Amino acid sequence: MPKYSLNLRTTTHEFQKQNSVTQKGGYDILICKHCGLGARRYGVSETLVVKSGKPLSESVLQFCPKAIDPRIKVQYVRVLIKPRIINAGFDNLQVGQIMKCVPCPPGERNRLPGVWVMGVHEPVKLLSGEFEPWEAVD
Ligand SMILES: [Zn+2]
């Protein structure tokens, strides 16, 4: 069975731990909440082990096919939940609000899947799960 390694910090898959107690062998089972990709995490390692019945391309490993890919240009989004990161910069965002996306500010690393919208004074980032793409009618 093909075996791959995957960096937890750079992938756009959003893994959720499945087991409450660490498995025999010292690993946790993680599943991507978007696409169901399974992985093992040994200890607190940032490298995950993915075993797959079929070969996986590097891009599928890195970029979840079901999550919103930061490379895809989203024009408008609807805010689904209050952003998880509590920050006064988000005070203008309301659940259900339609926001126009703005470019990723220079110097910001765009590793986590999400989009930038205008916060109170500066662009703020909504992460995957906090928004949905919105077809705007101009
Ligand atoms: Zn995924």
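Start at Val102, which stands opposite Trp116 in strand S8. This is a predicted model, so keep that in mind throughout. The pair belongs to S7 and S8, residues 114–118, which run antiparallel and are joined by two bridges.

Now the other partner of this strand. S7, residues 98–102, also pairs with S6, residues 76–79, again in the antiparallel sense, this time over three bridges. There, Tyr76 sits opposite Lys100.

The largest nonpolar core has 11 residues, among them Val77, Met99, Trp116 and Phe131. Which elements give two or more residues to this core? They are S6, S8 and strand S9, residues 123–127. S8 supplies the largest share, three residues.

Take Val77 as an example. Setting aside neighbours within four places in sequence, its contacts include Met99, Cys101, Val115, Leu126 and Trp134.

There is also a second, separate core, with 10 residues, including Phe15, Cys32, Leu37 and Leu48.

Leu48 takes us to another sheet. Leu48 lies in S5 and is the bridge partner of Arg41. Two bridges join S4, residues 38–42, to S5, residues 47–51, and the two strands run antiparallel.

These two are part of an open sheet of five strands, with antiparallel pairing, in the order S1-S5-S4-S3-S2.

Note on methods:
Residues numbered from 1 in each chain as written. Predicted model: local features only at pLDDT ≥ 70, side-chain atom pairs only at ≥ 80, totals over all residues. Pairing = 2+ DSSP bridges. Helix = DSSP H or I, 4+ residues; strand = E, 2+ residues; numbered from the N terminus. Core = buried A, V, L, I, M, F, W, Y, C linked by C-beta atoms within 7 Å. Buried ≥ 20, exposed ≤ 12 C-beta atoms within 10 Å, placed from the backbone. Contact = placed C-beta atoms within 7 Å.
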